[in-house]
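Here is a short briefing to read alongside the structure. Have a look at the model first, then follow the topics below.

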Amino acid sequence: GEEVRRFEGHRFILRSVAISPDGRTALSGSQADRGALILWDLETGELIRRFDTTDDITSIAFSADGSRALAGSAFSEQAMLFDVATGQEILRFEGHDNMVFDVAFGPDERSALSASADGSIILWDVTTGEVIRRFLGHEDMVWSVEVSPDGRHVLSGSMDGTIILWDFETAEELRRFSAHTELVPGLAFSLDGETAFSVSLDGGLIEWQVAGLALDELIDWAYANRYVPDLTCKEREQYRIEPLCNAEAAASGDHSHP
């Protein structure tokens, strides 16, 4: 629990940090009228370079190979793509009409996601900067966005505490989670993608079941965790559940002899 080293170089409020995939460097971003994005050497604590930006930085995400980084900005209401080796901006994504709070790479890294205070999530083409699709369904500002490990789903959290699970390919809303009562600023999938975690200003940290169970698993879970009574002959007939009771059992009201 002891402090290993301190990274000094920012002059304003620090809002975000991300560790490179190889674990050797980190990017940190500050949020103010003139923000800063700084790359650090994790072994020495030395400042490697300041990126060529004065945008306030609300969120950061590395590409899988560590060569590029996404950043979101509240004041400019945009997301940016940077070359990590040079610190130069490659592309700017313009399409939101309010603050950008969170960013994430798509599963193939030819796309990127941004979550905004305008209530939308936008999927972008990282080569052209064009909008691929919009995820619409939140009724308040969207503060967090995360892509599942298998790339099939997107999870987003909003100002009103609502969390939505989306289909990545269609932007269709699959499921809505509403146990939180306040802002959800952070989300994370488990490594297997079966569950996800959310944190909220209501003080809650919740683990959610996000992947659907197979039918046999669902049945096993129900029998292990819920009371499941046997159906009467009348109920079997009413709901047309085979096998129906035989005439003798039905007449006696005995539902134990199909």
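By class, 15 nonpolar, 6 polar and 3 charged residues make up the lining of the largest pocket. Please keep in mind that this is a predicted model. The notes below start with that pocket, then turn to the core and a loop residue.

**The largest pocket**
- Its volume is about 560 Å³.
- The lining of the largest pocket counts 24 residues, and those nearest the centre are Asp102, Val103, Ala104, Val145 and Glu146.
- Two or more lining residues come from each of strands E1 (14–19), E5 (59–62), E9 (100–105) and E13 (142–147).
- E9 is the top contributor to this lining, giving 5 residues.

**The largest nonpolar core**
- This core has 14 residues, and the members touching the most others are Leu113, Ile121, Phe135, Val145, Val154 and Trp166.
- Strands E10 (111–116), E11 (120–125), E13 and E15 (163–167) each supply two or more of its residues.
- E13 gives the most to the core, with 3 residues.
- Beyond its neighbours within four places in sequence, phenylalanine 135 has contacts that include Leu113, Ile121, Leu123, Val154 and Trp166.
- As a general point, nonpolar side chains tend to be buried together in soluble globular proteins.

**Threonine 53**
- You will find threonine 53 in the loop between strand E4 (47–50) and E5.
- Threonine 53 counts as buried because its relative accessibility is 12%, under the 20% cut-off.
- The side chain of threonine 53 reaches the backbone nitrogen of aspartate 55 at 3.1 Å.
- Setting aside residues up to four places away in sequence, threonine 53 touches Gly35, Leu37, Met80 and Phe82.

Technical notes:
Residues are numbered from 1 along each chain as its sequence is written. This is a predicted model: local features need pLDDT of at least 70, side-chain atom pairs count only at pLDDT 80 or more; totals for chains, interfaces and linings use all residues. Side-chain values use heavy atoms; hydrogens and water are left out. On a 1 Å grid over the protein atoms alone, a cavity is a set of points where a 1.4 Å probe fits but cannot get out, and a pocket is an open set with protein on both sides within 12 Å along at least five of seven lines; lining residues have an atom within 4 Å of a point. Grid points are joined across faces, edges and corners, and a volume is the space filled by probe spheres set on the points. Helices (H or I, at least four residues) and strands (E, at least two) are DSSP runs, numbered from the N terminus. Ala, Val, Leu, Ile, Met, Phe, Trp, Tyr, Cys and Pro count as nonpolar, Asp, Glu, Lys and Arg as charged, and the others, Gly among them, as polar. Buried means under 20% relative accessible area, exposed over 50%, partly exposed in between (1.4 Å probe, protein chains only). A polar contact is a pair of N or O atoms within 3.5 Å; within protein, one must be able to donate a hydrogen and the other to accept it, and residues adjacent in sequence count only if both atoms are side-chain atoms. Contact means heavy atoms within 4.5 Å. A nonpolar core is a set of buried Ala, Val, Leu, Ile, Met, Phe, Trp, Tyr and Cys residues joined through side-chain atoms within 4.5 Å.
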